[in-house]
Amino acid sequence: MSTATPPDIAAIVRQVIAELTAPGSPKPQATASAPAHTGSHEGANGVFSSVDEAVAAATEAFQQLERLGVEGRKKAIAHVRRIAIEDAEELGGMEFAETKIGRLDHKIEKLKVLGEKVPGVEFMQSEVFSGDHGLAVIEHAPFGVIGAITPVTHSLPTIACNAINMIAGGNTVVVNPHPSGRKIAAEGVRRFNAAIHRDLGVDNLISLVAEPSLESAGALFNHRGVKLICVTGGPAVARAALQSSKRAIVAGPGNPPVVVDETADLDNAARSIIAGAAYDNNLLCIGEKQVFVVAAVFDRMMAAMERAGALRLNAQQVDALTKRAIVMTGEGAHRHWVPCKDLLGQDASLLAQAAGATGHTGLELVFGETDNDNPFVPTEQMMPFLPFVRCKDADEAIDRAHESEHGFRHTAIIHSTNVRTMTRMGRLLDTTLFVKNGPSVAGLGLGGEGSLSFSIATPTGEGVTTPLTFTRQRRCTLVDDLRILGSADAVS
Ligand code: NAD
């Protein structure tokens, strides 16, 4: 993925920040609570002050979408893709200004990739059985209104990607966005719906709760009008969704380990690890979070990382950063490490500074050798520092990688040319994404094969979500007639 920053970004961001902060800002759709609506919800452009209103509007929109057929879905999705691409600089800038985490160039890129990598209605192929007893057609039908919970790490990209998949499957969606990314969520949803409404006469295909909270998330989970839940987030929300009485598609947390063995191309491994872990300052759930390297190539791998542009911290600096960046939380059996909020998603140069080192312009990643029991190893740090653990051999590296992944079965990466080592790791970790000899993002089709989604369903097993994830199978059977196999004499 390119990391070049378009030239006019700074000006755009200044303008967006000024608009967001100016008193009496003329962009109330994005920043203020939504007005209350009565009767038809047309004209709201998807932004609502309550879950009840949002679900009612999405229900109305679902009925209208059914009448527009597959061609209507296709046109609606085209507007979401077009706006994500055309307005990427402005919307990416707004998301960066509001959430204050990650990297501006990658916020923009995450919207632009929605154009071609996220599948649409072309995915909706029916299956047919034809035989002695006639025909059976399996169609993929919509659920209806889907309730979606989205993360702060990619607020608008997740909403846009979910919307494309869900509308392709014939559904509408009500989103409860992360409170810290709610303004950009509302602005994006407003733009998508306004364009779809103008073209197709249907509003609120993508509806949203303007002032989201844990209570509104709970209300969405339990709403009778919501037929399916799709949750993208960390451990707490994943647990809540798994305990819900409704069917849930859960895109839960990860802590992706990397194994590097003595057969790896070390320079490729170093470039790949930086490309994946530095992406949006390591906010991606699939991003490389800790690295286990066999002793035979450990020192050469560290040198390769430096050659590829990462900054190596010494033991004292690693220690200082660890104390500053990771803290213990919870009580008793629930005690665990968490990343400090003020360093989460921040630039590598800031982490270098916190460690007592000096970064340089364009620095993407800092790294250093740690013990296996350093808190960075088990923690999903979501910041561009990677701990490198020296391991006796590939078996030890794989076992430690397995332990550090916590059984999330999310994502793992290996750099090796030994097929048996790859196979052992693949079987033991049993992750949803397993990337070999490339950056983690290759697992989402960015430099690798396959489609893209920002919701990778892990504990519930659907994998990288597609339009089919959000459909129900319906089988239509015709007995004996219309079969094309067999003798013409058999037709009476
Ligand atoms: P988060 O868990 O703090 O929040 C995610 C969403 O869940 C937010 O909308 C939040 O308001 C809501 N939420 C949190 N606790 C809840 C509860 N108890 N009940 C109902 N709603 C609740 O996560 P985040 O910081 O926004 O995102 C980062 C996390 O999400 C990481 O753990 C990352 O791995 C994960 N993630 C996973 C995927 C995936 O595809 N599997 C994609 C992106 C992010």
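**Before starting.** I noted that this is a predicted model. I also reminded myself that two packed helices are described by the angle between their axes and the distance between the axes.

**Entry 1: α3 and α7.** I looked up helix α3, residues 51–86, and helix α7, residues 155–168. Their axes are 9 Å apart, and the packing angle is about 155 degrees. Angles over 145 degrees count as roughly antiparallel, so I wrote down α3 and α7 as roughly antiparallel to each other. I then checked the handedness: α3 passes α7 in a left-handed crossing. Which residues make the contact? From α3 I listed Leu-65, Arg-73, Ala-76, Ile-77, Val-80 and Arg-81. From α7 I listed Ala-160, Ile-164, Ile-167 and Ala-168. Sorted by class, this contact of α3 with α7 has eight nonpolar residues, two charged ones and no polar ones.

**Entry 2: α11 and α12.** Next I took helix α11, residues 266–277, and helix α12, residues 295–307. Here the angle is about 55 degrees, with the axes 8 Å apart. That angle makes α11 oblique to α12. The crossing of α11 and α12 is right-handed. On the α11 side, I found Leu-266, Asp-267, Ala-269, Ala-270, Ile-273 and Ile-274 in the contact. On the α12 side, I found Val-297, Arg-300, Met-301, Ala-304, Met-305 and Arg-307. I sorted these too: the contact of α11 with α12 has nine nonpolar, three charged and no polar residues.

**Entry 3: the ligand.** How many residues are around the ligand? I noted 28, of which Thr-150, Val-152, Gly-252, Glu-380 and Ile-456 come nearest. Then I looked up backbone atoms beside ligand oxygens. A backbone N or O atom of Ile-456 lies 2.6 Å from an oxygen atom of the ligand. For Val-152, a backbone N or O atom is 2.8 Å from a ligand oxygen atom. For Gly-254, a polar backbone atom is 3.4 Å from an oxygen atom of the ligand.

Key: Residues are numbered from 1 along each chain as its sequence is written. This is a predicted model: local features need pLDDT of at least 70, side-chain atom pairs count only at pLDDT 80 or more; totals for chains, interfaces and linings use all residues. Side-chain values use heavy atoms; hydrogens and water are left out. Axes are lines fitted to C-alpha atoms, for helices over the stretch in contact, and angles run from 0 to 180 degrees between N-to-C directions. Helices (H or I, at least four residues) and strands (E, at least two) are DSSP runs, numbered from the N terminus. Angles under 35 degrees count as roughly parallel, over 145 as roughly antiparallel, 65 to 115 as roughly perpendicular and the rest as oblique. A crossing is left-handed if the near helix is turned anticlockwise from the far one by less than a right angle, and right-handed if clockwise. Contact means heavy atoms within 4.5 Å. Ala, Val, Leu, Ile, Met, Phe, Trp, Tyr, Cys and Pro count as nonpolar, Asp, Glu, Lys and Arg as charged, and the others, Gly among them, as polar. A residue is near a molecule or strand if one of its heavy atoms lies within 4 Å of it. A polar contact is a pair of N or O atoms within 3.5 Å; within protein, one must be able to donate a hydrogen and the other to accept it, and residues adjacent in sequence count only if both atoms are side-chain atoms.
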